[in-house]
Amino acid sequence: MPRKRDSKNQGGDGLPLNASKSNPDRAPKKFKPALGSGDSDGQSSGLDQFLPYPIHKVNRLLEPGPVLLVATGSLTNKTHNIMTMGFHMMIQHQRPTLIGACIGPWDKSYDNLKKTGECVLAVPAVEMLETVVDIGNCSGEDVNKWETFGVKPVPAPDPAFAYGSGDGKGAEEERARAPFIGGEGVIANIQCVVEDRALVARYNLWVLRVIGAWINKEMDLEYGQGNQTPGDAGDSVGGGELRKREMKMAHHRGDGRFVVDGQEVDMRDRMVKWKEFQD
């Protein structure tokens, strides 16, 4: 269940009294086309496939417990790696948005994360499940998973620029050098930096802070998201009008079997204690 915020410190709209509605953790400003317009040669960089998604709604992508792909390292320095992860959890909704991820020294990504302090969590759709499993069956020490499995790394944008909180340069600690994971089968990419390493030595548990979130612009946001209604076509955040693709997630049962998203049961009217987290 979501962690409930202290109503004593909130304004009428659910924001802390000292917070601005333009806070980048709350919702991105209009998408800057230059971020995804393509490379200098006119070819698409792959980023134009995604649109900014509100950071405070990242829990809607992760609380269902989908298997994830994790990108670490530097695309520029060609140290980028990709791995499959099933152990993760939401810790905090916002200010900041925090995620727990289990990544151990047996993973090549562990060294990358330890060195750079950042990663990208990608939510794959069920169409990618065979590739997701294959990526988890080998080590980046032995193979270049990007080339072997035909997964495209996409240069990540500066989240400070995308969310209207910077001039495009951004603070160095907020820059995500790890690439996005591209492809039509990717539901979302979530940019993270390491917030706390206190539990890493004992439990291999990294506390990650979300600094940017991007969702597939072809995704039907009503499916599994409850984010918008047909009348929201003018809202560019998260894709705007409803899309036609129902991009379903896959959930690992722990023994090599997976459960795929099925019928959604809407219990929002009954969740009277958590109205503040609903649209």
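Colleague: What is the relative accessible area of Gly73?
Modeller: This is a predicted model, where local features need pLDDT of at least 70, side-chain atom pairs count only at pLDDT 80 or more, and totals for chains, interfaces and linings use all residues. Residues are numbered from 1 along each chain as its sequence is written, and side-chain values use heavy atoms, leaving out hydrogens and water. Buried means under 20% relative accessible area, exposed over 50% and partly exposed in between, with a 1.4 Å probe and protein chains only. Gly73, in the loop between S2 and S3, counts as buried because its relative accessible area is 1%.

Colleague: How many Å separate Gly73 and Asn112, C-alpha to C-alpha?
Modeller: Asn112 is among the residues in contact with Gly73 when neighbours within four places in sequence are left aside; contact means heavy atoms within 4.5 Å. The two are 39 residues apart in sequence, while their C-alpha to C-alpha separation in space is 5.0 Å.

Colleague: With which side chain does the side chain of Asn81 make a polar contact?
Modeller: Asn81 is found in strand S3; helices (H or I, at least four residues) and strands (E, at least two) are DSSP runs, numbered from the N terminus. Asn81 is buried, with a relative accessible area of 4%. A polar contact is a pair of N or O atoms within 3.5 Å; within protein, one must be able to donate a hydrogen and the other to accept it, and residues adjacent in sequence count only if both atoms are side-chain atoms. At 3.1 Å, the partner of the Asn81 side chain is that of Ser109.

Colleague: How many residues apart in sequence are the parts tied together by Phe50 and Phe180?
Modeller: Rings of Phe, Tyr and Trp (its six-membered ring) pair if their centres lie within 6.5 Å; planes under 30 degrees apart count as stacked, over 60 as edge-to-face and the rest as tilted. Phe50 and Phe180 are edge-to-face, at 6.2 Å centre to centre and 85° between the planes. Both are buried. Because Phe50 lies in strand S1 and Phe180 in strand S8, the pair ties together parts whose separation in sequence, in residues, is 130.
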